[in-house]
Amino acid sequence: MKAPALSAGEKPSGAAELTRFAAVVAEVDTAALGTLLELRRRELALRSDDVFERASKTAEVYARWFDAHGVTCPLPGQIATARRKGLPVIGPAVDALLYAELTSGVLMGVQDGDAIDGDLHFDWAVQGETFAGFRSTVTCAQDEPVVRDGAAIVASVLQGPDRRTSVTKSSRHLVFTVYDAPGLAAEDFDGAVRLLRDLLVDAGAVPEVLEVRL
């Protein structure tokens, strides 16, 4: 799998103080990844309170930023649910995303690399710009942080991913994205990237880590 290159547009005056955007790209064996995640879920059950407590504190950084834009950040609620019920089982790619997000508290995304058109560009939307979201059409606000490929927006950091590049249970070429937030500690961002990379390595993949400064 050829990893997409990362680039970034010029940050508009007054846009959110985001400093980094990263991607962890790998071709995975879905069966091996699923088996590893089953093991990780069992291990997590033995220490879940400590893990989710730390993740909740990190997720609050995103929650405050989302609240300032009138949007609800999904991370705190998802972490609370995982703390009560354990991590959900949906499919290898999504399960890997949720494991990494909900144990780190750092916002991430995942796209099917085979559906991405060319490279990925971190950018800021113009008022009223739209894209086909996972459930419905998403309308962006001025200077909303988004990720584009050669065809269209593939994700809004504040409003979620598109449908065109969404993963399925059989997706093998995965592009995980890691999103910054105003006030997020550098060690939290770096830790989330390492967590993703190490998870994929333990599943037998050879991930490539990419980063661009904003």
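Is Pro 88 buried, partly exposed or exposed? Pro 88 counts as partly exposed, because its relative accessibility is 34%. The terms work like this: buried means under 20% relative accessible area, exposed means over 50%, and partly exposed is in between, with a 1.4 Å probe and protein chains only.

Before going on, two remarks on where these values come from. This is a predicted model, where local features need pLDDT of at least 70 and side-chain atom pairs count only at pLDDT 80 or more, while totals for chains, interfaces and linings use all residues. Residues are numbered from 1 along each chain as its sequence is written, and side-chain values use heavy atoms, with hydrogens and water left out.

Back to Pro 88. This residue is in the loop between H3 and H4. Helices and strands here are DSSP runs numbered from the N terminus: helices are H or I with at least four residues, strands are E with at least two. Not counting residues up to four places away in sequence, Pro 88 touches Arg 41, Asp 95 and Leu 98; contact means heavy atoms within 4.5 Å. Pro 88 and Leu 98 are 10 residues apart along the chain, and 8.2 Å separates their C-alpha atoms.

Next, Val 61, which is in helix H2. Val 61 counts as buried because its relative accessibility is 12%. Which residues does Val 61 contact, leaving aside neighbours within four places in sequence? They are Ala 181, Pro 182, Gly 183 and Leu 184. For Leu 184, the C-alpha distance to Val 61 is 6.3 Å, and the two are 123 residues apart in sequence.

Asp 29 is found in the loop between S2 and helix H1, residues 30–45. With a relative accessible area of 43%, Asp 29 is partly exposed. From Asp 29 to His 173 there are 144 residues in sequence, and 9.3 Å in space, C-alpha to C-alpha.

Ala 186 is in helix H5 and is partly exposed, with a relative accessible area of 43%.

One backbone detail concerns Asp 143. Asp 143 is not a glycine, yet has a positive phi of about 65 degrees. Asp 143 is in the loop between strand S6 (137–139) and strand S7 (145–148), and is partly exposed at 22% relative accessible area.

Now the rings. How many aromatic pairs does the structure hold? There are 4. Rings of Phe, Tyr and Trp (its six-membered ring) pair if their centres lie within 6.5 Å; planes under 30 degrees apart count as stacked, over 60 as edge-to-face, and the rest as tilted. Phe 21 and Tyr 179 form a stacked pair, 5.9 Å centre to centre with 15 degrees between the planes. Phe 21 lies in strand S2 (residues 20–27) and Tyr 179 in strand S10 (residues 173–179), so this pair ties together parts that are 158 residues apart in sequence. Both of these residues are buried. Trp 65 and Phe 66 form an edge-to-face pair, 5.7 Å centre to centre and 85 degrees between the planes. Both Trp 65 and Phe 66 are buried. Phe 21, Phe 122, Trp 124 and Tyr 179 form one aromatic cluster.

Last, the largest pocket. A pocket is found on a 1 Å grid over the protein atoms alone: an open set of points where a 1.4 Å probe fits, with protein on both sides within 12 Å along at least five of seven lines; lining residues have an atom within 4 Å of a point. The volume, the space filled by probe spheres set on the points, is about 920 Å³ for the largest pocket. It is lined by 35 residues, and the closest to its centre are Leu 97, Phe 134, Arg 135, Gly 160 and Pro 161.

Which element gives the largest share of this lining? That is H4, with 6 residues. The lining of the largest pocket divides into 19 nonpolar, 12 polar and 4 charged residues. Here Ala, Val, Leu, Ile, Met, Phe, Trp, Tyr, Cys and Pro count as nonpolar, Asp, Glu, Lys and Arg as charged, and the others, Gly among them, as polar.
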